[in-house]
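Here is a short note on the open spaces in this model. Please read it beside the structure.

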Amino acid sequence: MSTALPTDLLGELESAGYFPQTAAACVQRALRAAPVRAHLVRPETTFDGPEVRRHLTVLVITDRHLVVTHLDDDPADELNPSQVVSTTERVRLDRVHTTGMSQVFDSDGTRVRGSEAEVTLAVTWGGSRRLDVERAWCDDPECQAEHGWSGTLAPADLALRVSALADGQDAVDAAVRFHDRLLDAIDAVG
C-alpha cells in the first residue's frame with residue numbers, strides 16, 4: 001500500500017534534477033503509506049579531483065518517523081561505467097537523540113543583517129559513528145617514546161549544510177523551517 005507523494009515534494013525532486021523518479025520511489029517505499037508532514041530536498045555537487053559527483057539528500061517527516069534518503073554517484077569502473085547508489089534510513093522520531101542547528105549570520109560589525117546566511121542541520125539517532133584516529137604524541141621534541149594512538153568517536157548520522165551564497169536564501173529559509181517542524185514532530189511523540 002502506498003500514498004502518492006505531495007506535489008510540492010515531487011516538484012522539488014524534479015527541480016533538483018538528480019534521478020527524481022528513483023528518489024521518489026525510494027522515499028515512497030520507506031513511507032509505507034504514512035502521510036508526509038514536512039520535507040527538505042537538498043541537491044549537492046562535489047568535486048573529487050577531476051571528477052564531479054552529484055548527491056541528493058531528501059528528508060521527510062511523518063507522524064512517527066524521519067525518513068532520510070541519500071542518492072549519489074558511485075565511482076565508475078570497467079564493469080559499471082555509471083551507477084547511482086540510494087540509501088534510505090527510516091528513524092523513529094522517539095529514537096532521535098539530538099538535533100542541532102548551527103546558524104551563520106552576516107554582520108557589518110555592529111549588527112546582524114537579515115536572516116541566516118548559512119545553516120548546518122545536525123541530527124543524531126545512534127545509527128552511525130565516525131572514528132578519527134591519530135598517533136598520540138607529547139610536547140617534548142626529544143622524546144623517542146611510543147605514545148600509542150588517540151582518537152575521537154563522534155555521532156555521524158546526519159549533517160546537512162545549506163548556504164544562501166551557494167543555494168539561495170529560499171533554501172536556507174526552507175532548512176530552518178524544516179528544522180522547526182522536526183523539533184515539533186519530536187516533541188509530539190514525547
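1. Basis. This is a predicted model, in which local features need pLDDT of at least 70, side-chain atom pairs count only at pLDDT 80 or more, and totals for chains, interfaces and linings use all residues. Residues are numbered from 1 along each chain as its sequence is written, and side-chain values use heavy atoms, with hydrogens and water left out.

2. Largest pocket. Its space is about 300 Å³. A pocket here is an open set of points on a 1 Å grid over the protein atoms alone, where a 1.4 Å probe fits, with protein on both sides within 12 Å along at least five of seven lines; lining residues have an atom within 4 Å of a point. Volume is the space filled by probe spheres set on the points, which are joined across faces, edges and corners.

3. Its lining. Glu12, His39, Leu40, Val41 and Ala174 are the closest to the centre, out of 15 lining residues. Helix H1 (7-16), strand S1 (38-48) and helix H4 (169-189) each supply at least two. S1 gives the most, six residues. Helices (H or I, at least four residues) and strands (E, at least two) are DSSP runs, numbered from the N terminus.

4. Second largest pocket. About 220 Å³ of space lies here. Of its 15 lining residues, Arg42, Pro43, Glu44, Arg161 and Asp167 lie nearest the centre. Two or more residues come from each of S1, strand S2 (51-61), strand S9 (158-163) and helix H3 (164-167). S9 has the largest share, with five residues.
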